[in-house]
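This briefing is meant to be read with the sequence and the coordinates side by side. Please keep both open while going through the points, which are grouped by topic.

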Amino acid sequence: RLESLLFTGKPLKKALMQAYTISSHCFTVSVDGEPACIFGVAPDPVNYSMGSVWLRAANRIDRCLLYVIKHSPEYLQQFLASYPAGLFALPMAQDNALHLRWLKLVGFMPHHWIYHNNTPFQVMTYV
């Protein structure tokens, strides 16, 4: 929640609703009927042929993490079909080890750091 607020300036629910609204693709993974994570891709506001991948997870993601890691490349290939210029990940806070590890495991490469509200955020691109 803090990461979302620091980066977007919006509470998590508002930031998530905006991401969902502007995304061209969205997927939810559930555990026992409850969302464990939701992720999607939205067009870059400057270059519409590039996609910005985002992920928000609940604590229960640990019960389906292997599924998410295993199937993420399939979803990313679908995203690439809509965004031929490539994909980048919505920047993640340096202390968000889970999301940064997920991005690396599914093929994102660290690109550069940006600082927003005195917090380092990692920008990663999909290769």
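This is a predicted model: local features need pLDDT of at least 70, side-chain atom pairs count only at pLDDT 80 or more; totals for chains, interfaces and linings use all residues.

The chain has 127 residues, of which 40% are buried, and its secondary structure comes to 4 helices and 6 strands.

**Overall layout**

- Read from the N terminus on, the elements of the protein chain follow the order α-α-β-β-β-α-β-α-β-β.
- Among the contacts between residues at least 6 apart in sequence, 52% join residues that are at least 24 apart.

**The sheet**

- The 6 strands form an open sheet in the order E1-E2-E3-E4-E6-E5, and the pairing in this sheet is mixed.
- Strands E1 and E5 (108-116) stand at the edges, and because each has a single partner strand, one side of each is left without a neighbour in the sheet.
- On average, and with direction ignored, neighbouring strands of this sheet are turned by 25° against each other.

**The E1-E2 hairpin and Asp 32**

- E1 and E2 form a hairpin with 2 residues between them, and the bridge partner of Ser 30 in E2 is Pro 35, while Val 31 stands opposite Glu 34, which also belongs to E2.
- Asp 32 is found in the loop between E1 and E2, and its phi is near 50°, a positive value in a residue other than glycine.
- Asp 32 counts as exposed because its relative accessibility is 68%, and the cut-off for that class is over 50%.

- Strand E4 is mostly covered, with 7 of its 8 residues buried.
- Pro 91 has its place in strand E4, and it counts as buried because its relative accessibility is 11%, where buried means under 20%.
- Ser 52 lies in strand E3 and is likewise buried, with a relative accessible area of 10%.
- Leaving aside residues up to four places away in sequence, Ser 52 touches Gly 40, Val 41, Ala 42, Phe 88 and Leu 90.
- Pro 91 and Ser 52 are 39 residues apart along the chain, and their C-alpha atoms are separated by 9.3 Å.

**Helices H3 and H4**

- In general terms, two packed helices are described by the angle between their axes and the distance between the axes.
- For H3 and H4, the axes come within 9 Å and cross at roughly 40°.
- On the H3 side, Leu 65, Val 68, Ile 69 and Ser 72 meet Leu 98, Trp 102 and Leu 105 of H4, and the residues of this contact divide into 6 nonpolar, 1 polar and no charged.
- H3 also lies across the strands E1, E2, E3, E4, E5 and E6, and runs at about 165° to E1.

**The largest nonpolar core**

- In soluble globular proteins, nonpolar side chains tend to be buried together.
- The largest nonpolar core of this model has 25 residues, and those that touch the most other members are Val 53, Leu 76, Phe 79, Leu 87 and Phe 108.
- Two or more residues of this core come from each of strand E1 (25-31), strand E2 (34-43), strand E3 (50-57), helix H3 (65-82), strand E4 (86-93), helix H4 (97-105) and strand E6 (119-126).
- Val 53, again without counting residues up to four places away in sequence, touches Gly 40, Val 41, Leu 76, Phe 79, Leu 87, Phe 88, Ala 89, Leu 90, Trp 102 and Phe 108.

Technical notes. Residues are numbered from 1 along each chain as its sequence is written. Side-chain values use heavy atoms; hydrogens and water are left out. A nonpolar core is a set of buried Ala, Val, Leu, Ile, Met, Phe, Trp, Tyr and Cys residues joined through side-chain atoms within 4.5 Å. Buried means under 20% relative accessible area, exposed over 50%, partly exposed in between (1.4 Å probe, protein chains only). Contact means heavy atoms within 4.5 Å. Two strands pair if DSSP finds at least two bridges between them. Axes are lines fitted to C-alpha atoms, for helices over the stretch in contact, and angles run from 0 to 180 degrees between N-to-C directions. Ala, Val, Leu, Ile, Met, Phe, Trp, Tyr, Cys and Pro count as nonpolar, Asp, Glu, Lys and Arg as charged, and the others, Gly among them, as polar.
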